[in-house]
Amino acid sequence: MDELWNMRGINLFNGLTRDEIEEVLRLAPPKSYRKGEYIFYAGDAADALFLLQLGTVKISYVTLNGDEKILNVFRPGDIFGELFLGKYRHRVGEAQALDDVIVCRICEETFLSLTQRFPKIALNFIRHLADSQRETLARTHALMRADAKYRLSGILLSLARRYCCTDPDWFELPASLTQEDIANMAGLNRSTVSSLINDLRRDGVLGGTGRSLSVNRTAIEALLEEAGLEVLE
Amino acid sequence: MKTLILYTGSFEPGEFANERLQRWSKTQPDINIERRSVHDDPVAVVRLGITSVPALVVDDEVVAQGEPDLWLTDNFLQSLETRISH
């Protein structure tokens with residue numbers, strides 16, 4: 001049996017042996033959160049990164065008008081809170097559990113010690129940062145589009161790439177992610193998103209009924225390419 | 001007696017899976033279903049590699065996890081019976 005298959009699935013641990021991963025886990029004991037609980041708040045000291053084992057976490061902030069803006073959504077295997085090593089030492093958003101969540105927290109001191117002992121972790125971390133930067137640029141590019149349909153499509157593709165695939169071409173978004181969450185990520189209002197989702201369902205780009213939402217990857221990629229937006233591999 | 005552990009979260013799919021497995025176990029003289037909350041043992045969740053709930057664990061191995069409609073079928077239960085009887 002391969003008990004730690006998921007931890008190996010986290011890019012940070014690529015190339016590490018099972019014993020080495022066990023050691024990491026001893027230093028970063030997992031903690032659980034229930035739906036709605038906060039893992040950190042905006043303004044908290046950014047002194048650790050988090051490995052997500054179970055559930056969905058959103059990072060968001062509230063504007064001066066009281067509107068919520070979602071910066072990102074994370075799924076099992078993802079790393080978040082990783083900017084703790086830079087010069088900006090406070091959280092800009094808050095991390096909230098969207099369902100039952102389990103995370104391992106690695107504090108800065110532990111992380112630095114691990115990278116010295118296992119240089120592969122440092123290399124994997126740099127690769128992770130580069131990939132995140134690339135994905136953020138693609139998402140920003142989509143958000144800069146004035147056309148709401150392409151902004152929404154860019155966000156949906158970015159989410160779909162990270163969710164489970166129930167079919168070679170269909171990606172299922174979890175029910176814990178509401179249309180309001182998607183609207184907040186795309187910088188659109190809820191009614192616009194609802195109407196666009198209906199249109200995209202009619203066009204075969206999206207599937208599912210009610211709260212269930214699936215994304216046809218080929219169709220949404222074709223839509224974005226038609227609009228001149230970049231589609232990552 | 002073999003104990004199968006069902007890890008659940010706080011949501012309905014866990015209830016559904018638990019009820020279905022408890023019903024099934026009543027027809028299996030040597031099988032017992034134990035339900036555990038992921039919040040009571042997060043270390044086990046990480047060690048076992050559980051990434052979605054409900055998750056069914058047999059002999060420290062995750063045999064199924066996620067939306068129970070997708071895995072908790074008659075065929076699955078039959079294969080579980082076969083696996084356990086061997």
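Here follow some questions and answers about how parts of this predicted model meet.

This is a predicted model in which local features need pLDDT of at least 70 and side-chain atom pairs count only at pLDDT 80 or more, while totals for chains, interfaces and linings use all residues. Residues are numbered from 1 along each chain as its sequence is written, and chains are lettered from A and ligands numbered from 1 in the order in which they are written.

Visitor: How are α5(A) and α8(A) oriented to each other?
Guide: Helices here are DSSP runs of H or I with at least four residues, and strands are runs of E with at least two, numbered from the N terminus. Helix α5 (residues 148-160) and helix α8 (residues 217-226) of chain A pack at about 140 degrees, where axes are lines fitted to C-alpha atoms over the stretch in contact and angles run from 0 to 180 degrees between N-to-C directions. Angles under 35 degrees count as roughly parallel, over 145 as roughly antiparallel, 65 to 115 as roughly perpendicular and the rest as oblique. The two helices, α5(A) and α8(A), are therefore oblique.

Visitor: Which domains does the assignment give for chain A?
Guide: Domain bounds come from an automatic or database domain assignment. For chain A, this assignment gives domain 1 (5-135) and domain 2 (145-226).

Visitor: Which element gives the largest share of the side of domain 1 of chain A that touches domain 2 of chain A?
Guide: In chain A, 11 residues of domain 1 are in contact with 10 residues of domain 2, contact meaning that C-beta atoms, placed from the backbone, lie within 7 Å. Two or more residues on the domain 1 side come from each of β4 (57-62) and β5 (68-74) of chain A. The largest share, 4 residues, comes from β5(A).

Technical notes: Two residues are in contact if their C-beta atoms, placed from the backbone, lie within 7 Å.
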